Amino acid sequence: MKLDDEYKVIIESFDVNGYGVCHIEGRVVFVEYALEGEEVIIKITNIHKKYCFAKAIKVLKASPHRIMSLDEINNLAGEADLIFVDYETELKIKENKVKNTIKSSNYKFNNIISSDNQYNYRNKTMMPFQMRNGDVVYGYYSQKSHDIVETKNDSLANPKVSDILYLIKRYLVLFNVSIYDEKTNSGIFREVMIRNNYKNEFMIVLVATKKIDFSRLVEMLTEEFKEIKSIYLNINSKNTNVVLSDEYYLLYGNKAINENILGLTFEVYPASFLQVNHNQCEKLYSEAFRMANLNKNMNVIDAYCGIGSITLNIAKNVNHVYGIEIVEDAITNANNNKKINNIENATFICGPCEKEIKKLANLNNIDIVFFDPPRKGCDIEFLNTIIEMKIPSIIYISCNVATLARDIKILEENGYELKEVTPADLFSKTSHVESISLLVRKDTK
Ligand SMILES: C[S@@+](CC[C@H](N)C(=O)[O-])C[C@H]1O[C@@H](n2cnc3c(N)ncnc32)[C@H](O)[C@@H]1O
C-alpha cells in the first residue's frame, strides 16, 4: 500500500471520531466522509504501520443516512465532519461514542439531549484571512494544512456572520490592507472573531499584527449592522497558532455584551469562555442540576468555573458555592457577574484547581463538587484531593469522553461509583459530544 492508492471497499462500521472504518491488507483504514454499509472508492492519504487514513472519492452505493454528496462536502470546510449524516444517525454516533468509551458497568445511560437547531447555532466564530491569487479570502483551515478553504457561508454560525465577514473583506480590498502571511510572517490583517448573544447583539474582534487606523471599517460596520455593540482590535504579531494576544483596544461601543443563561446575566468579553451553543448550554446545565438534586442546605464547589455561569446558577439553589478558575480575568468577570445578579452566597477563587482545592479541604461540609475541565480532563493532584475530602457526590461535565473515562476509572478505584451519564449535543454536525455524569461515594449512600 502506498499514498494515493485507490481501493473499492465496503465500510464496516463508523468510529467514534466520525470516520468510516474498513480493513485492507491487515491495516485498519479510517475513511473520511464515508458511512457504515456504503460501497465507496477510497484514496489513501496517510499511512502508519497498523492503520491508515483515506478519503472517499466516489460513492458507489450510498447509505440511506447520507444527506450530502461528496461534491457538496468538498465545497464546504471547517470542523463539521458529520455534516453529511442525517441527525438521527448523528445522535446514535454520539451516544455510542460516550457509551463505548466509558468502561464502567451498572450505571444508567440516558438518551442524548438533542438539539432543535442543528445549523446556525454557534455564538462565536473565528475566521482567518489569507491572500490567494491576488484575492482576499476567508474561511476555515483545511484539515491537513494551513491553507484556507474559502467559506462564504458557514452553516453553523449565526446567519449575520457571513454578511459581516463579506463587508470586512470588501473593506480590506478597497483600502488595500495587507493580509498576514504566516509563511513569511509579514502583512497586517489576520483574523476576525465574531460573538453574538441571545438578543443577537454582536461583538467583533479584528486581529492584526500592528495598530493601524481602522476607523473607516468601524464606520462601515456600525452603519450597516446596527446589532454590532462592540468592536475591539487585538494586536498579535507573533507567528503562532494562538490567535488572540492579551493586547486589546476597544474601537467602538461597549466593553462587553451580555448573555442570559437560565435567567441570570453574564458579561461576555472577547476572551471569556462561554459554551458556543446557547440553547443547548441551558439544557446541559439544567440536566447537571437535575442530577445534583440541589437544595438550600447544600455547600458546593464548582471547579473550572470560567466566568461563573454554572456557579451563579447553582447559588440560586444552595447555601453556599465556591467557584475555582485559573484565569484571573475570568474571575474578575465572575465577581462582576455575581454583583450584577445580586448574588451573595458565592465565593470565587483564582488559581489552579489542583492547588486551590487543598485550601478548601478543611471545609468538611461540602456536599457536591462540579467539574467542567478543558479537554485534557482533571489533574491527578486535583482528583486525589477530592478523594481525600470524601465529597459525597461529583457532577462531571465533559467535552472529551476519553479523559472523562480515564478520570471516572480513577474515581471508581478510589471509592466512587458511576450512577448516571447523559450525553448532550452541543456541537451539531460535528463528532464532538458533551456529557454529564453523576458519581457518588459508595460509603455515603
Ligand atoms: C470547559 S471550560 C468551563 C467553564 C465554565 N464552567 C462554563 O461552563 O462556562 C474550562 C475552564 O477551566 C479553566 N481551567 C483550565 N485549567 C484549569 C486549572 N488547572 N484550574 C482551574 N481552572 C482551569 C479554563 O480557563 C476554563 O475557563
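Me: What makes the 8 strands an open sheet with edge strands, and in which order do they lie?
Reply: In this predicted model, the 8 strands follow the order E7-E22-E23-E21-E20-E17-E18-E19 with mixed pairing, where strands are DSSP runs (E, at least two residues) numbered from the N terminus. Strand E7 (108-109) and strand E19 (346-350) are called edge strands because each pairs on one side only, and two strands pair if DSSP finds at least two bridges between them.

Me: How do you know that E17 and E18 pair?
Reply: Strand E17 (residues 299-303) and strand E18 (residues 320-325) share 5 bridges in the parallel sense, so they meet the requirement of at least two. Ala303 stands opposite Ile324 in E18.

Me: Why is helix H5 said to pack on the sheet, and what angle does its direction make with that of E22?
Reply: Helix H5 (residues 278-292), a DSSP run (H or I, at least four residues), touches strands E20, E21, E22 and E23, contact being heavy atoms within 4.5 Å. Its direction makes about 155° with that of E22, using lines fitted to C-alpha atoms, for helices over the stretch in contact, with angles from 0 to 180 degrees between N-to-C directions. Helix H10 (residues 401-412) also touches E20, E21, E22 and E23, and its direction makes about 165° with that of E21.

Me: In what sense do E1 and E5 pair?
Reply: E1 and strand E5 (residues 39-47) pair in the antiparallel sense over 5 bridges, and the bridge partner of Tyr7 is Ile42 in E5.

Me: What conventions apply?
Reply: Residues are numbered from 1 along each chain as its sequence is written. Local features need pLDDT of at least 70, side-chain atom pairs count only at pLDDT 80 or more, and totals for chains, interfaces and linings use all residues, while side-chain values use heavy atoms, leaving out hydrogens and water.
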